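Please look over the sequence and structure shown here before reading on. The points that follow are grouped by topic.

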Amino acid sequence: MEYPLSIAVVAIAIAAVGPGRLSLGRPFRWRYGGWVPATVAVCLGGIGAVIVLALKQ
């Protein structure tokens, strides 16, 4: 449980703060981060997890 939780926390932090100077996503508009992109990332990740879990059964 700790490993997936730590990955989720880091992903949310990166989505909220924005990518660093050496990130491949730097040339794109969302490089500044913020709470809206973080919320979108969490929602899309949740939808993806639900789809994977639904297909697994």
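Of the 57 residues of the chain, 9% count as buried. The model is a predicted one. The chain exposes about 5100 Å², and 75% of that area is supplied by carbon and sulfur atoms. It has two helices and zero strands.

**Helix packing**

- Helix 1 covers residues 2–17 and helix 2 covers residues 35–56.
- These two helices pack at an angle of about 145°, and their axes lie 7 Å apart.
- The crossing of helix 1 and helix 2 is right-handed.
- On the side of helix 1, the contact is made by Ile12, Ala15 and Ala16.
- On the side of helix 2, the contact is made by Trp35, Pro37, Ala38, Ala41 and Val42.
- Sorted by type, the residues of this contact comprise eight nonpolar, no polar and no charged.

**Ala15**

- Ala15 has its place in helix 1 and takes part in the contact with helix 2.
- Its relative accessibility is 17%, and Ala15 counts as buried because this value is under 20%.
- Ala15 and Ala38 are 23 residues apart along the chain, while their C-alpha atoms are separated by 4.6 Å.
- Ala38 belongs to the helix 2 side of the contact.

**Trp35**

- Trp35 is located in helix 2 and is one of the residues that make the contact with helix 1.
- Is Trp35 buried or exposed? Trp35 counts as exposed, because its relative accessibility of 67% is over 50%.
- From Trp35 to Ile12 the separation in sequence is 23 residues, and in space it is 9.2 Å, C-alpha to C-alpha.
- Ile12 is among the contact residues of helix 1.

**Ala11**

- Ala11 is also placed in helix 1.
- The relative accessibility of Ala11 is 43%. Ala11 therefore counts as partly exposed, as this value falls between 20% and 50%.
- How many residues apart along the chain are Ala11 and Ala41? They are 30 residues apart, and their C-alpha atoms are separated by 8.5 Å.

Definitions and conventions: Residues are numbered from 1 along each chain as its sequence is written. This is a predicted model: local features need pLDDT of at least 70, side-chain atom pairs count only at pLDDT 80 or more; totals for chains, interfaces and linings use all residues. Side-chain values use heavy atoms; hydrogens and water are left out. Axes are lines fitted to C-alpha atoms, for helices over the stretch in contact, and angles run from 0 to 180 degrees between N-to-C directions. Helices (H or I, at least four residues) and strands (E, at least two) are DSSP runs, numbered from the N terminus. A crossing is left-handed if the near helix is turned anticlockwise from the far one by less than a right angle, and right-handed if clockwise. Contact means heavy atoms within 4.5 Å. Ala, Val, Leu, Ile, Met, Phe, Trp, Tyr, Cys and Pro count as nonpolar, Asp, Glu, Lys and Arg as charged, and the others, Gly among them, as polar. Buried means under 20% relative accessible area, exposed over 50%, partly exposed in between (1.4 Å probe, protein chains only). Accessible areas come from the Shrake-Rupley method with a 1.4 Å probe; for residues, only the protein chains shown count as cover.
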